[in-house]
Each structure stands twice: as C-alpha cells, then as structure tokens.
Amino acid sequence: MAEQAGSSRYIRGEQIDMSDPDNWWKQAVIYQIYPRSFSDSTGSGIGDLRGIAERMGYLGSLGVDAIWLSPFYPSQLADGGYDVDDYRDVDPRLGTVADFDDMAQAAHRHGIKVIVDIVPNHSSNRHPWFVEALQSPPGSEQRDRYIFRDGRGDHGQLPPTGWQSHFGGSAWTRVPDGQWYLHLFTEQQPDWNWNNPDVHEDFIKTIRFWSSHGADGFRIDVAHGLAKDLDRDDLDDYPVLMQLPADGSHPLFDRNEVHDIYREWRTVFNEYTPHRFAVAEAWVNPDRQYLYASEDELGQIFNFEFAKADWSRNQFHTAIEEGLAASRRAHSPATWVLSNHDIPRHATRFALPQVPSANYHQFAADWILRGGKTYAENREAGTQRSRAAIMMEMALPGSAYIYQGEELGLFEVPDIPWDRLEDPVAFNTRHSELNKGRDGCRVPLPWTADRLPGSKDPFGFSPAHSAAAPHLPQPAWFKDFAVDREEHDSTSMLNFYRRVLRLRHKLQCPDTSLEWFDEDMPSGQPDGAGGLEGGVIAYRRANGWASVTNFSSSPVKLPPGDIILTSSRLEDDGSLPQDTTAWVMLKQ
C-alpha cells in the first residue's frame, strides 16, 4: 500500500461489538421475501406464510442472517399488499397470525431474524378508520386521521392542488360530500394525517404487536413521507415527483418533523431485548440520509444510489463513497442493495446495452414495456457482471440486502401479458408515460425444473395437484434457473452465493474501516463493452483482505496475496479479466 491510515484513501469506520445482541443487524445479510411469490403451500397460486416456513432450510443453507417480509396483511392488492386493511392481522390468502408465529419460530430455530414491513404513510381505503371517516362529516375527529381538504373552484369541483400521484392521475379523490382526500399512490391508499395523535398511538400498538409475535425489526415504507405541511400557499410549486430539496422544505417529503416520529418509535424499539431496529425506505438527498439512520431513530437507511448504479465503475464508486459517508455521519452501518421488488432485476440491467448517459431504470422500463424485444439481452454478460457485483457488495462493511431470486441469477420477465399484470403502475400512468410496471421482478420463484404430475404449476411454486396456476405466469426459461437444478450444479449462481455468504461471515470484522488501493481508479476511457467508463474498484478491509473489481476491457494485476475467491476465471497469467471480482488475503 502506498498510503497510510489518515490519508484521503483511508476511511475510518465504527468498531462494532458483535457480541452485543443489540448489534446483530449491523453486518447482517438480509433476504427480502415477496410473500405472494416465494412459495405456495396450499395450491392457491399465491405464496403464503406456511410456504415460507417450509423453505426455511433453504434460507438457512443460503447463509442469510435475516428475512424481510414485504406486506402480508389483509389487502385488496391495489398495490401488491402495500394497501393495508388491518395492520395487525394476516391476509387469509396467506395464512393466519398463528402461521406467522410458526414461521417466525422456524426462522429463529435456523438462527434467522425476522423483519416485518410497516406501511405508515397510507392505509387501504378499506381500513376501518377510513370507512369511518367517509361516514363522518367534514371536520370530524374521524376525518382528521386522514388528509381531507375542500376543493378549489366555485363549487369545490377542482382538486386542492394539481399534484399527480406516483402511479399516475390526480393525487386527490373526491368523496360524495364534496371533499377530497390525499393519496400519493393509488386512490385505494389514502394518506394518514400524522398530526393526529390517534395515528401515532395506533402505529406504536402495531410495532408492539409484531414484536410480541417474533419480529426482530421493521422495514419502513415511504419513511420520508409521513410528516406533511399543507397549510401553505405554495403547494403547487412542489410536485410530488421531483428531486427533493436538501433543506426539508418540501411540503410532503423529508420534512424535519418526520424525525420526531422516529425518535418516538426508538423509545418503543428499546423496550425489547434485543432492541428492535428498523431500516428506512427513504428516497432522499444523500446529504440527509444520516438523519434516518441515527440510532436515536430507525438505525439504518437503504443506500439506493448503489441500487441505481449502471454497470459503471464511477457510478458504483460514488455510491460506495456516499454510503460510507452517510454511515460515518449517522454512526450507523451502511447498507448495500442491488435489487428489490420495485426495480428491474440487476441481472437484466447489467445485460442490456451499456450506453453512456442512460437512465438504466427507465431504459429497462422501456425494454419491459416492449416485451423485451427492442434490445438484445446479453445474459452471459449480465450473469458475469452479477457475480462480480455480489462479491463487490458483500465485501463492503455494513448490511447487505438480497432480493429473492437473485441468488438463482433470475432475469426480469418482460413479456407478461397485459391481462395478467397486477401492478397499478401498468394501469394508472398517463398514456405518454405508459409503463408496464414492476411485475417482471415479482414472478413466483422456480423451485423445480420439471412439471409436477397433475399440477398446473410447471416449476414447483405450488404443490402437486394445485388448484390454480401461479398468480403471475412463469416463462419457460425459468426451468434453467430452478432451485433443484442449481442445487446439483457446482458452478450455479445459487452455489456461488452460498460460497460468497459463507466466506463473508468468516472474513467480516468488527472494524468497518476501508482503504482504497492505488489501483482503485477510473480508466479515463470507454471500457470497450458499450461506452461506459471503465476502471477498477479496489479496497482492503482492516483484517487484511481485499476486494478488486475490474470494469475495464484490459486485465489488471492483482495485489500480492492468496486468492480467496473469484467471480469468474482469472487470465492464464493470474490477472483479473473484465467484469470480474477477486477477493485476496493480502501478504503482510
């Protein structure tokens, strides 16, 4: 190493006492489960809690420390379960609270923690309190739990503002007595009024309920959206869909008052042993992420800059730097995630043509809209880059999040027929912004390569003789990614993930410091594979191991030491080829 600790290439991190049970999450690998698409135990075509419990051995063998369950509450599924009818119950199609208890106990027997998704920005319009609000007059206590306003115009016929919702169309819906209610998402998802003490008390009750049923932590949906200021004259100057200001001045998002709510929740989290923790889904300015991640509040926030990066050395490097900077400022571990239920799978993003200045989420959305026919998906490149990316991710200090199916190397499913789509994005966007939605990453997992006799399910998502096909259709090529096929292939993505996670657990250390190598630099030229700038990401951890990822077309020399693992074969001379990561135990 040419530079010593204290230089600009050395990033001092926190020391984590992993013997403290309150710190279990600080370097955890957390596996996101989209329950309706994980495993169906009943033959209904919808995944359920018993199906998750039955697959706990699979999750244990993968080597994850925790599972995060997307919503499993009673819901009309206007938005994939994020429209919640009852926060303290289970959708009958997915099981019962007793089934949740059994699932949590099964997870804990395998040493796996359980994280529950909380949706505090909005409820369903079938929630009892919203039904009661509609039956009550304007200005009533019941309506004050939500955000109702009179309309504009001579007769209140115009919505209170011109805001468009995230899913298209007006963010306001009029009710029969003439008032309008706010919904930043679908009209079936009315926003809560967090100025109302009843709302505060009810969510504390929900946190305590699931904690008592075995939840070890919480993922907070739209964590930056709870506190709102609608008593101002400039509301139309702040569209719902905009880059957020860095001073907390937007009337709807990332307001300073939201942190009062999370400090309130922290007192509840700390009532338990071990303390409960939470991770914020907050699409905010990177300079304000640390507020949510403070251990006086939620404890952690998703680093979406990492998930937004193209297959680009510079974009990933910037995301890592920003994530580590936010971690230092919050005195809380960084988070790393490549895919989730809201974005196209990263194997596909890395497999599409890599062109300069592309917004790859929009690029992929356009590709999905057209059924995957506009550009050739280079799956060999997508797979190789995915293998390199997971090693680069898992060597970083902090917590890493995996989305179900990425361990199988699944690609996005772009050609789901329109009449089978479920995501409201596909139906609510204006024609000029037509988008096929997020269902392509939510297709049920393939567990077996061969059709079970008598089953409508070709890939073992449901049991034999199931009464219904999977709720989203699985493409024929899923057979090549089925769990039982990958189990017996030592070179498969599944077995690669198992090796990576096993080694991560051995190599991670309490010191979360990181030091960049001299070799860590951009190439200053296109990488030869589509125009994005190449280069190398190379860093070492405090206990002497290093991760090196090559984004350039020219092989690079590895630092001296013992090779622990590589994502692809090295060159004959031992150098690191393009789109490959190596872990090296450095010579002292």
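**View 1. Helices H12 and H15 run roughly parallel to each other.** Their angle falls in the class for values under 35 degrees, so the pair counts as roughly parallel. The axes of H12 (residues 379-394) and H15 (residues 493-507) come within 10 Å and cross at roughly 15°; axes are lines fitted to C-alpha atoms, for helices over the stretch in contact, with angles from 0 to 180 degrees between N-to-C directions. Helices are DSSP runs (H or I, at least four residues) and so are strands (E, at least two), numbered from the N terminus. In H12, residues including Thr383, Arg387 and Met394 take part in the contact, and H15 contributes Phe496, Tyr497 and Arg504, among others; contact means heavy atoms within 4.5 Å.

This is a predicted model: local features need pLDDT of at least 70, side-chain atom pairs count only at pLDDT 80 or more, and totals for chains, interfaces and linings use all residues. Residues are numbered from 1 along each chain as its sequence is written, and side-chain values use heavy atoms, leaving out hydrogens and water.

**View 2. Proline 71 sits in the loop between strand S3 (66-69) and helix H3 (97-109).** With 1% relative accessibility, proline 71 is buried (under 20% relative accessible area, 1.4 Å probe, protein chains only). Beyond neighbours within four places in sequence, its contacts include Arg36, Tyr82 and Asp117.

**View 3. Here is a cis peptide bond between threonine 273 and proline 274.** Its omega is about -10°. Proline 274 belongs to the loop between helix H6 (258-269) and strand S9 (277-280).

Definitions and conventions:
Parallel < 35°, antiparallel > 145°, perpendicular 65-115°, else oblique. Buried < 20%, exposed > 50% of the residue type's maximum accessible area, 1.4 Å probe, protein only.
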